[in-house]
Amino acid sequence: MRAIPLHPLPETEHDCPYCHKHLEILGWYIPGMRNLAHLRCSTCTNEFYGDLTAGQAIYTPMLLEEKSGVVHDKHAVKWFADWLRDSYANRKSEEISFVVDKRFPITRQVVLLNCLDTLYGHSLLKLLNAQYLLERNFDLIVIVPSFLTWMVPEGVAEIWSLDLSLRRGTEWNDWVAREIHTRVEALSSRVSLSLAVSHPSPKEYDIELFTHVKPFPLQRWKERLARPTVTFIWRDDRIWSMSAESPALNLVQKIRRRTSRSSDSLIMQKRRVIEFAELLRLEWPMLDFGIVGLGEVGADIPSWIQDLRCRTMDDGSEQRWCERYAKSHVVIGLHGSNMLLPTAHAGSLIELIGRERWGNFTQDVLFREAQDPREMFFRYRFMPISTTPQDLAELTTSMLRGYDPFQTLISAGH
């Protein structure tokens, strides 16, 4: 069922790092994004909090000493260990907005799906597990940051929406833990915790159930070439670079961009995007080209380019962006969680990826299934971040022109 026992007692396999004996389970604790078991060693009497196997902790569960705050990281995953150690060291007990939306009465086995996180992509990918659980007839309770409430699918029993920004996503909040524990206890039934797998299979979700936007109709690709639609996904903090810079240099530039939104790098990126669009327009005079993402709307963007960027995002703007993606033959952007919803809705993808992201290859793509694996290779392309506007325009043109003949070829059995 892809869930583990949570209440009244969870299941876990943590051992004492000193006595090397299996730890006794005292209870469970969810102070935010971390799903934890409260544990004690019967030999040395030390108490611990250990990750339950959900989300990233399926692969790299951590163990934290209650008294000292020391984190035992046998998997050597520093970033995940740091999040736990730092959040515990700075733990708080602060009341926040906790909105409960009860949609259906609880009558069956309850599964809790915790989608809190400090990374947008992680939260979204956890939420996609909802469909798998709903189709197996569980009463599902979803814990989401408020900015994701609009994407919770119909059929869940309850939505617990917390006003937590991504910046506060790793936060350890004892008030939140007490609130969640009280509400789970009030259910008067056994409750399981969803594994919230971080990369669910495309077979297990239909993005339309979450966004209420139907993806690009691939069967109408050729028909829609009368006005080909291409969308560039913009980021201020990750720049389309013309040179293969080292990860260290990219980090320095990223810090500079945080302090100066009008940096030379952003100006150069804008010029490259415009040049790319103009090259495409030479081949496709009726081109519908748009820019989507977080950024300042530019007065010097040509009027024929739809500049759909905004500085802050709300439910309405994100759904409008999804509608734009669903109109797009091709979406183009730099690797990152900003590519999840575009790839789920658009006809095809070209992703620009830097060497520092090679280890995260395809983690930001929500693939649309294809009957023939060759079609997947055609529709999803990955290029170095140093790709020029000229090369990008030529590749985009080849995909726009080539998809329909390619489909004819593979359907003929070649």
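Q: Where is Cys 44 placed?
A: In this predicted model, Cys 44 sits in the loop between β3 (36-40) and β4.

Q: Is Cys 44 buried, exposed or partly exposed?
A: Burial is read from relative accessible area, and under 20% is the cut-off for buried. Cys 44 has 25% relative accessibility and therefore counts as partly exposed.

Q: Which residues does Cys 44 touch, leaving aside those up to four places away in sequence?
A: Cys 44 touches Cys 16 and Cys 19. Cys 44 and Gln 56 are 12 residues apart along the chain, and their C-alpha atoms are separated by 29 Å.

Q: What do the corresponding values look like for Asn 173 and Arg 91?
A: These two residues are 82 residues apart along the chain, with 5.9 Å between their C-alpha atoms. Asn 173 belongs to the loop between β10 (158-162) and α4 (174-185). With a relative accessibility of 1%, Asn 173 counts as buried. Not counting residues up to four places away in sequence, Asn 173 is in contact with Pro 31, Lys 92, Ser 93, Glu 94 and Ile 96.

Q: How is the span of a helix checked, and what span should α7 have?
A: The expected span is 1.5 Å times one less than the number of residues. Helix α7 (residues 264-283) has 20 residues and should therefore span 28 Å; its end C-alpha atoms are 29 Å apart, which agrees. The buried residues of α7 are Leu 266, Gln 269, Lys 270, Arg 272, Val 273, Ile 274, Phe 276, Ala 277 and Leu 280.

Q: How many residues does helix α1 have, and what does its span come to?
A: Helix α1 (residues 78-89) has 12 residues, and the distance from its first C-alpha to its last is 16 Å, close to the 16 Å expected.

Q: Which residues of α1 are buried, and what covers them?
A: The buried residues of α1 are Phe 80, Ala 81, Asp 82, Trp 83, Leu 84, Ser 87 and Tyr 88. Their cover includes β4 (47-51), β5 (63-65) and β6 (71-72).

Q: How is a pair of aromatic rings described?
A: Two values are used, the distance of the centres and the angle of the planes. The structure holds 20 aromatic pairs. One of them joins Trp 79 and Phe 80, which are edge-to-face at 5.4 Å centre to centre, with 65 degrees between the planes. Trp 79 is partly exposed at 37% relative accessibility, whereas Phe 80 is buried at 3%.

Q: What is the geometry of the pair formed by Trp 221 and Tyr 403?
A: That pair is tilted, with 4.5 Å centre to centre and 35 degrees between the planes. Trp 221 lies in the loop between α5 (207-211) and β12 (229-234) and Tyr 403 in helix α11 (residues 389-411), so the pair ties together parts that are 182 residues apart in sequence. Trp 221 and Tyr 403 are both buried. Ring pairs also link Trp 221 and Tyr 403 into a cluster with Phe 216, Phe 378 and Phe 406.

Q: How is empty space found?
A: A probe the size of a water molecule is rolled over the atoms, and this shows where empty space is left. The structure holds one cavity of 30 Å³ or more. The largest cavity has about 40 Å³ of space. Its lining consists of Arg 238, Leu 334, His 335, Leu 352, Ile 353, Gly 354, Glu 356, Arg 357 and Ile 385. By type, the lining of the largest cavity divides into four nonpolar, two polar and three charged residues.

Q: What is the volume of the second largest pocket, and which residues lie nearest its centre?
A: The second largest pocket has a volume of about 290 Å³. Of the 14 residues that line this pocket, Glu 13, His 14, Asp 15, Pro 61 and Lys 74 lie nearest its centre. The lining of the second largest pocket comprises four nonpolar, four polar and six charged residues.

Q: Which backbone angles deserve a look, starting with the peptide bond from His 7 to Pro 8?
A: The peptide bond from His 7 to Pro 8 is cis, with omega near 15 degrees. Pro 8 is in the loop between β1 (3-7) and β2 (24-29). Asn 137, in the loop between α3 (129-134) and β9 (139-145), has a positive phi near 65 degrees. Ala 196 has a positive phi near 45 degrees and lies in the loop between β11 (191-194) and α5. With a relative accessible area of 3%, Ala 196 is buried.

Note on methods:
Residues numbered from 1 in each chain as written. Predicted model: local features only at pLDDT ≥ 70, side-chain atom pairs only at ≥ 80, totals over all residues. Heavy atoms only, no water. Helix = DSSP H or I, 4+ residues; strand = E, 2+ residues; numbered from the N terminus. Buried < 20%, exposed > 50% of the residue type's maximum accessible area, 1.4 Å probe, protein only. Contact = heavy atoms within 4.5 Å. 1 Å grid on protein atoms, 1.4 Å probe; cavity = no way out; pocket = protein on both sides within 12 Å on 5 of 7 lines; lining within 4 Å. Points joined across faces, edges and corners; volume = space filled by probe spheres on them. Nonpolar A, V, L, I, M, F, W, Y, C, P; charged D, E, K, R; others polar. Phe/Tyr/Trp six-rings, centres within 6.5 Å; stacked < 30°, edge-to-face > 60°.
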